Amino acid sequence: MAVNDECKLKFLELKAKRNFRFIVFKIDEKLQQVTVEKLGQPEQSYDDLAASLPPNECRYAVYDFDFVTDENCQRSKIFFIAWSPDASRVRSKMLYASSKDRFKRELDGIQVELQATDPSEMSIDIVKGRAI
């Protein structure tokens, strides 16, 4: 599975320049490559990311999560989310699962990985818990 150059460029912008809050990636089966589907603007929230994930199709996403530690330090962690809802096609789930590690390696700087099959598995409380 190829990775479109735009995926790496937009991820670098998220990581270094913080131009985006999140990015949703999609595998284009015809082109056999991962492409950028949606860019979340810096003022958008985690709820906006969750609403961007289709209820019956797989996606990858990265999210730049800002939080404050118990010591009152401002921090940020980049989450990689593998979204594979139960309602999606088996072929699609297999394609996303088999391509995930290679795609993740292309995005240097991911700190936490989440796998979710329904919205409850990627709630903001779970994200907060994994970040600290």
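Guide: Here's the cysteine story, with the overall fold first. Keep in mind that this is a predicted model. The protein has 4 helices and 6 strands, and along the sequence they run β-α-β-β-α-β-β-α-β-α. For 132 residues, a compact globule would have a radius of gyration near 14 Å, and the protein comes out at 14 Å, so the two agree. The C-alpha atoms fill a box of roughly 45 × 30 × 25 Å along the principal axes. Of the contacts between residues at least 6 apart in sequence, 61% link residues at least 24 apart.

Now to the sulfurs. A disulfide is a covalent bond joining the sulfur atoms of two cysteines. With the cut-off for a pair set at within 2.5 Å, the count here is 0 disulfides. Take Cys 58: the nearest cysteine sulfur belongs to Cys 7 and is 16 Å away, so Cys 58 is in no disulfide under that cut-off.

How about cover? Cys 58 is buried, because its relative accessible area is 1% and buried means under 20%. Cys 73 has a relative accessible area of 31%, so it falls in the partly exposed range, between 20% and 50%. For background, buried residues make up 42% of the 132 in the protein.

Note on methods:
Residues numbered from 1 in each chain as written. Predicted model: local features only at pLDDT ≥ 70, side-chain atom pairs only at ≥ 80, totals over all residues. Heavy atoms only, no water. Helix = DSSP H or I, 4+ residues; strand = E, 2+ residues; numbered from the N terminus. Rg over C-alpha atoms; globule rule 2.2 N^0.38 Å. Buried < 20%, exposed > 50% of the residue type's maximum accessible area, 1.4 Å probe, protein only. Contact = heavy atoms within 4.5 Å.
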